[in-house]
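Have the viewer open as you read.

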Amino acid sequence: MKLAIFDFDGTLFCKDTLLFLLNQWKKQKKSRLRYLRVYGSLIPLSIQYKLGIKSNLSKEEMKLLAVSKFNNIFIDMTEQQIKEYFYECSIEIKEYLNKSIITEVEKVRRLGYHTVLLSGSYEQLLKYIGDDLGIDTVIGTKMNFGNEVFDNNKEVQIISGSLKLEKINK
């Protein structure tokens with residue numbers, strides 16, 4: 001099998017995904033209070049990261065912490081509400097996809113490669129993008145639901161670092 005693996009964050013999509021999703025939350029006129037809470041919790045991490053301020057956290061740990069803080073925006077939302085939010089976000093994301101990567105995806109698909117979209121971003125969001133691009137397999141961070149409502153008490157396994165390799169091998 002010939003395999004072509006494409007990363008989403010920083011490759012197919014050149015913007016900061018979490019900040020983009022947060023801005024989409026505001027644009028979609030969702031809860032302003034949730035927006036402010038999550039935004040306020042992400043500012044210190046963003047400043048540290050962008051300014052290269054040393055902390056006791058690795059880049060990977062900072063990324064995991066940021067996703068964990070961002071997940072608070074979904075508390076008490078149903079799976080359907082979250083899917084609708086990601087669908088609307090995916091429409092906006094299409095404008096910012098890297099055209100040369102899209103061309104490469106099309107090229108390898110024509111050559112018979114099995115295509116994979118791999119990212120720490122939310123799997124449901126990635127599925128919308130992957131479907132539009134004809135990607136064969138999407139591997140991303142799965143959200144936990146209980147009784148069809150987002151369960152923030154269960155730890156989310158964010159697909160990053162060595163976990164990406166593990167998922168590809170699987």
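## Starting from glutamine 24

Leaving out residues up to four places away in sequence, glutamine 24 touches Tyr85, Cys89 and Glu92. Keep in mind that this is a predicted model. Glutamine 24 sits in helix α1, and with a relative accessibility of 6% it counts as buried, because the cut-off for buried is under 20%.

## Where α1 meets α4

So which residues of α1 meet α4? On the α1 side they are Phe20, Leu21, Leu22, Gln24, Trp25 and Lys27, and on the α4 side Tyr85, Phe86, Cys89, Glu92 and Ile93. Sorted by class, this contact of α1 with α4 has 8 nonpolar, 1 polar and 2 charged residues.

As for the geometry, helix α1 covers residues 17–27 and helix α4 residues 79–93. Their axes cross at roughly 110° and come within 10 Å. An angle from 65 to 115 degrees counts as roughly perpendicular, and α1 and α4 are therefore roughly perpendicular to each other. The crossing of the two is right-handed.

## The α2 and α3 pair

Now for another pair: helix α2 (residues 32–51) packs with helix α3 (residues 59–70) at an angle of about 165°. Here the axes are 9 Å apart. Over 145 degrees counts as roughly antiparallel, so that is the description for α2 and α3. The way α2 passes α3 is a left-handed crossing.

What does α2 bring to the contact with α3? Its residues there are Val38, Ser41, Leu42, Leu45, Gln48 and Tyr49, and they meet Lys59, Met62, Leu65, Ala66, Lys69 and Phe70 of α3. By class, the contact of α2 with α3 comes to 8 nonpolar, 2 polar and 2 charged residues.

## Inside the cores

How many residues are in the largest nonpolar core? There are 44, and Phe8, Leu12, Phe70, Phe74, Phe86, Leu117 and Tyr122 are the ones that touch the most other members. At least two residues of this core come from each of β1 (3–7), α1, α2, α3, α4, α5 (99–110), β2 (114–122) and α6 (123–133). There is also a second, separate core of 5 residues, with Val116, Leu118, Ile159 and Leu163 among them.

Take phenylalanine 74 as a way into the big picture. Setting aside neighbours within four places in sequence, phenylalanine 74 is in contact with Arg34, Ile82, Tyr85, Phe86, Tyr122, Met143 and Phe150. Of those, Phe86 also turns up on the α4 side of the contact with α1.

Back on helix α4, we find serine 90. Is serine 90 buried or exposed? At 1% relative accessibility, it counts as buried. Apart from residues up to four places away in sequence, serine 90 touches Leu125, Tyr128 and Ile129. Serine 90 is also 50 residues from glycine 140 in sequence, and their C-alpha atoms are 15 Å apart in space.

Leu125, Tyr128 and Ile129 are among the buried residues of α6, along with Glu123, Leu126, Gly130 and Leu133. What covers the buried residues of α6? The cover includes α1, α4, α5, β2 and β3 (137–141). After α6 comes glycine 134, with a positive phi near 75°.

Glycine 134 leads over to glutamate 106: the two are 28 residues apart along the chain, and their C-alpha atoms are separated by 8.3 Å. Glutamate 106 lies in helix α5 and, at 37% relative accessibility, counts as partly exposed.

## Two loop residues with positive phi

Most residues other than glycine have a negative phi. Lysine 29, though, has a phi near 60°, a positive value. This lysine 29 belongs to the loop between α1 and α2, and its relative accessible area of 74% makes it exposed.

Asparagine 147 also has a positive phi, near 55°. It is found in the loop between β4 (145–146) and β5 (149–150). With 80% relative accessibility, asparagine 147 counts as exposed.

Key. Residues are numbered from 1 along each chain as its sequence is written. This is a predicted model: local features need pLDDT of at least 70, side-chain atom pairs count only at pLDDT 80 or more; totals for chains, interfaces and linings use all residues. Side-chain values use heavy atoms; hydrogens and water are left out. Axes are lines fitted to C-alpha atoms, for helices over the stretch in contact, and angles run from 0 to 180 degrees between N-to-C directions. Helices (H or I, at least four residues) and strands (E, at least two) are DSSP runs, numbered from the N terminus. Angles under 35 degrees count as roughly parallel, over 145 as roughly antiparallel, 65 to 115 as roughly perpendicular and the rest as oblique. A crossing is left-handed if the near helix is turned anticlockwise from the far one by less than a right angle, and right-handed if clockwise. Contact means heavy atoms within 4.5 Å. Ala, Val, Leu, Ile, Met, Phe, Trp, Tyr, Cys and Pro count as nonpolar, Asp, Glu, Lys and Arg as charged, and the others, Gly among them, as polar. A nonpolar core is a set of buried Ala, Val, Leu, Ile, Met, Phe, Trp, Tyr and Cys residues joined through side-chain atoms within 4.5 Å. Buried means under 20% relative accessible area, exposed over 50%, partly exposed in between (1.4 Å probe, protein chains only).
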